[in-house]
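Please keep the structure open while I talk.

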Amino acid sequence: MSAEAATLSAAPAPALGRRQVHAVAACYFVASFAALGLPPYLTSILPELGDPTAHWAGLLYIVPTVFGGLAAPLWGRLADRYGRKRLLLRAQLGLALSFLLAGAADSLPTFTAALVLQGILGGTFAATNGYLAAGLDGTRLSWALTLMQGSARAALVAAPIVVGTLSPWLSPHRQYALLALLPLGAAAMLLALPEPRESVVVREKPLAEQQTTSQGAEPVAVVVAPPVTAQRGLLRELYVFEFAFVFSTVISFPYLIALLGDRISGISPVVSGSLFALPHLCYLLFAAPVHSAFRNRPRLGIALGFAAVAAGLAGHAVAGSLITFTAVRLLLGAGLTLGLVCLSLLAADAVQGRSPGRMFGSLEFVSKGGAVAAGVVAALGNSAFGPTAPVLAGTAVALITVAAAVHALFSHP
């Protein structure tokens, strides 16, 4: 590639205000509420649909993820071309439709079809982050991405507890239809937000040409992008860590409620939901100080995060009481917080000079790939060895990635 390769300037895009970022975070929360909070109850939903042993829970857990990952790059490119606000609205309306269908489903094939539509028509991760990256950069962007993760974690804290509390009166299956109102409300909120101005494509010039202009001509605004090889290396690094982190954390989700039921006799749905939510509550409490502490050293935070995730998942394999489960969930929460915050910092660096919709669409594809792999391994492991197998598989992947993260840390002092 020549020195005149096209790069994208973030300068022309107006910075979004604090209120606008918070409004986007609120919309992301309500979109995540049903999408992230109801799947842990698939083991309770599927017996109503003809699967008495919830044999398909692990695979159905990843159905929206599979199709969301496949559709994400396309939606990201369309957002760059036709407007990020428009595609964000589309994602919210698509979720509302799919939730209504899931809540009304009366058979396993119909419910599965609704989950397929949720994946294809959703894609709020790429749509939201692409919207933010068009109007923010640097530290402000990394903090906005951290805040979006906080919205998703808040949904994971609140939704399992709310679903568990409502389940005596309304089954988790029928709650899908009720929660379809949330993305509809989010779409209404988004109508009041601006469309970030399109980034301007400029061409990188040699240094000598950047310092001179022709007589009487206006100075040329040139963005000096990082070297192409360095940018590609950073992007590969981000993708590898994203895949491994999603795999090692998500793999414990589908069968955690079942594991708690096996280990703690008589545990209530509310307590199970609270334990499921505990790591995400840690993120909400500590994301801001972690962002400040690791703003200039994200790779250190990623290495520490994977180490804490490995230790926390290993603890799940031996925990047998409410106290020990609480302790290992808190340890997993420390790893979740470090990993998610520092991955947001790395993503904010990687998006510089790139089309945000396309990059975040690709990142969602990678993230969904990690979740798909986690769901498949969780289902196979649970069928063959019981609910302990998924957490042990996650431990192994996290430990391997610790070594890769330490290598990256010393390669980029």
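When I say that two residues are in contact, I mean that they have heavy atoms within 4.5 Å of each other. Please bear in mind that this is a predicted model, in which local features need pLDDT of at least 70 and side-chain atom pairs count only at pLDDT 80 or more, while totals for chains, interfaces and linings use all residues. Residues are numbered from 1 along each chain as its sequence is written, and side-chain values use heavy atoms, with hydrogens and water left out.

Let me begin with tyrosine 176, which, leaving aside its neighbours within four places in sequence, is in contact with Leu38, Pro39, Ile45, Phe99, Ala102, Gly103, Phe111, Leu115 and Gln118. Tyrosine 176 sits in helix H8, residues 172-179, where helices (H or I, at least four residues) and strands (E, at least two) are DSSP runs numbered from the N terminus. Is tyrosine 176 buried or exposed? Its relative accessible area is 2%, so it is buried, given that buried means under 20% relative accessible area, exposed over 50%, and partly exposed in between, with a 1.4 Å probe and protein chains only.

Taking the chain as a whole, there are 17 helices and two strands, and of its 413 residues 54% count as buried. Among contacts with a separation of 6 or more, residues 24 or more positions apart account for 85%.

Now to the helix pairs. Helix H4, residues 84-104, and helix H5, residues 108-121, pack at an angle of about 175 degrees with their axes 8 Å apart, and that makes H4 roughly antiparallel to H5. Here the axes are lines fitted to C-alpha atoms, for helices over the stretch in contact, and angles run from 0 to 180 degrees between N-to-C directions; those under 35 degrees count as roughly parallel, over 145 as roughly antiparallel, 65 to 115 as roughly perpendicular, and the rest as oblique. The residues of H4 that meet H5 include Gly94, Leu97, Phe99 and Leu101, and on the H5 side they include Phe111, Ala114 and Leu117.

Helix H13, residues 269-293, packs against H15 at about 40 degrees, with the axes 7 Å apart, and the two are therefore oblique to each other.

That brings me to the cores, where a nonpolar core is a set of buried Ala, Val, Leu, Ile, Met, Phe, Trp, Tyr and Cys residues joined through side-chain atoms within 4.5 Å. The largest has 63 residues, and those with the most contacts inside it are Leu132, Leu141, Leu238, Phe241, Ile302, Phe306 and Phe360. Helix H15, residues 322-350, gives the most to this core, with 12 residues. A second, separate core of 50 residues includes Tyr41, Tyr61, Phe253 and Ile267.

Leucine 238, in helix H11, residues 228-250, is buried with a relative accessible area of 0%. Not counting residues up to four places away in sequence, leucine 238 touches Leu343, Leu346, Ala347, Ala350, Met359 and Leu363; its C-alpha is 6.8 Å from that of alanine 347, which is 109 residues away in sequence. Cysteine 342, at 0% relative accessibility, counts as buried.
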